[in-house]
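Hello,

Here is the structure we spoke about handing over. My notes on it follow below.

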Amino acid sequence: MDAVVLLGAPGSGKGTQTGKLCDDFGFHRVSTGDIIRAEIRDGTLLGKSFAQYQATGMLVPDDTVCEMVFSNLSRIDGRGLVFDGFPRTLLQAHRLERFFVERDLRGFIFLFDVTFENIENRIVNRVSCPGCNSVFNSRVDGVEIGAACPRCGTRIAVRQDDTIEVLRHRYDIFRREVDPILEFYGDKVHVIAGNRPADDVYLDITEQMNLSALDSRNS
Ligand SMILES: [Zn+2]
């Protein structure tokens, strides 16, 4: 099984690439946010403790985040995993590395290299599906607000957190967080020029991973 780690600022195109890998090759998306929401919804012990942290505005300890992510992964099988927004800390990176070894996974680390200006330009046209979390560019993909999602049929909405100020803040946080992680992975990191059409970026990723169209579910 392959495991793909996509590192990139919010709006750098991770979501789009994740969607493509899942659609074409049957990868399973691993998103900390999704897992946390599910645990809270299901009222699990972890979910309860997480909700408590959120209610008090305290930062969730890394251990809790890791426990949540990895307890969910033990049930997952399939072609591979795409980590979208994880790891965000050095401890998470260490745990993930251990998981790769334990599960004998072929790990690929990609960094989406984009400037804030790139993201700003892109975000103006970004829409997303609340049903399956797919992200589209209304200009490039022709998916407009209010239209049906091409993947799941849910009505497309704007992402509410896409204001420039919020984006700037999240970009700065990402820059700060990613440095120790990049240092940890060293020359294992494939740097992807992110400010290109999604299909070009995708070609880059699949080539690096030696994924060919022949393996694709759609072929
Ligand atoms: Zn959808």
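**Helix packing: α4 and α5**

Helices α4 and α5 run roughly parallel to each other, because the angle between them falls under the 35 degrees cut-off for that label. Please keep in mind that this is a predicted model. The angle in question is about 30°, between α4 (residues 62-73) and α5 (residues 90-103), and the two axes are 10 Å apart. The crossing of α4 past α5 is right-handed. On the α4 side the contact is made by Asp-62, Val-65, Cys-66 and Phe-70, which meet Leu-91, Gln-92, Arg-95 and Phe-99 of α5.

Helix α1 covers residues 14-25, and its 12 residues should span 16 Å at 1.5 Å a residue; the end C-alpha atoms are 16 Å apart, which agrees. Nine of those 12 residues are buried, so α1 is largely enclosed by the rest of the structure. The buried ones are Lys-14, Gly-15, Thr-16, Gln-17, Thr-18, Gly-19, Leu-21, Cys-22 and Phe-25. What covers them includes the strands β1 (2-7), β2 (27-31), β3 (80-84), β4 (106-113) and β6 (135-137), along with the helix α9 (198-208). Just after α1 comes Gly-26, with a positive phi of about 70°.

Is α3 well covered or hardly covered? It is hardly covered, with a count of one buried residue among its 12.

In soluble globular proteins, nonpolar side chains tend to be buried together. In this model the largest nonpolar core has 36 residues, and those with the most contacts inside it are Val-4, Val-5, Leu-6, Val-82, Phe-83 and Phe-110. Strand β1 gives the most to this core, with five residues. Leaving aside residues up to four places away in sequence, Val-4 touches Leu-21, Gly-80, Val-82, Phe-83, Phe-108 and Phe-110. A second, separate core has seven residues, among them Val-127, Cys-129, Phe-136 and Cys-149.

Regards

Notes:
Residues are numbered from 1 along each chain as its sequence is written. This is a predicted model: local features need pLDDT of at least 70, side-chain atom pairs count only at pLDDT 80 or more; totals for chains, interfaces and linings use all residues. Helices (H or I, at least four residues) and strands (E, at least two) are DSSP runs, numbered from the N terminus. The expected span of a helix is 1.5 Å times one less than its number of residues. A residue is buried if 20 or more other C-beta atoms lie within 10 Å of its own, exposed if 12 or fewer, and partly exposed in between; C-beta atoms are placed from the backbone. Two residues are in contact if their C-beta atoms, placed from the backbone, lie within 7 Å. A nonpolar core is a set of buried Ala, Val, Leu, Ile, Met, Phe, Trp, Tyr and Cys residues joined through C-beta atoms within 7 Å. Axes are lines fitted to C-alpha atoms, for helices over the stretch in contact, and angles run from 0 to 180 degrees between N-to-C directions. Angles under 35 degrees count as roughly parallel, over 145 as roughly antiparallel, 65 to 115 as roughly perpendicular and the rest as oblique. A crossing is left-handed if the near helix is turned anticlockwise from the far one by less than a right angle, and right-handed if clockwise.
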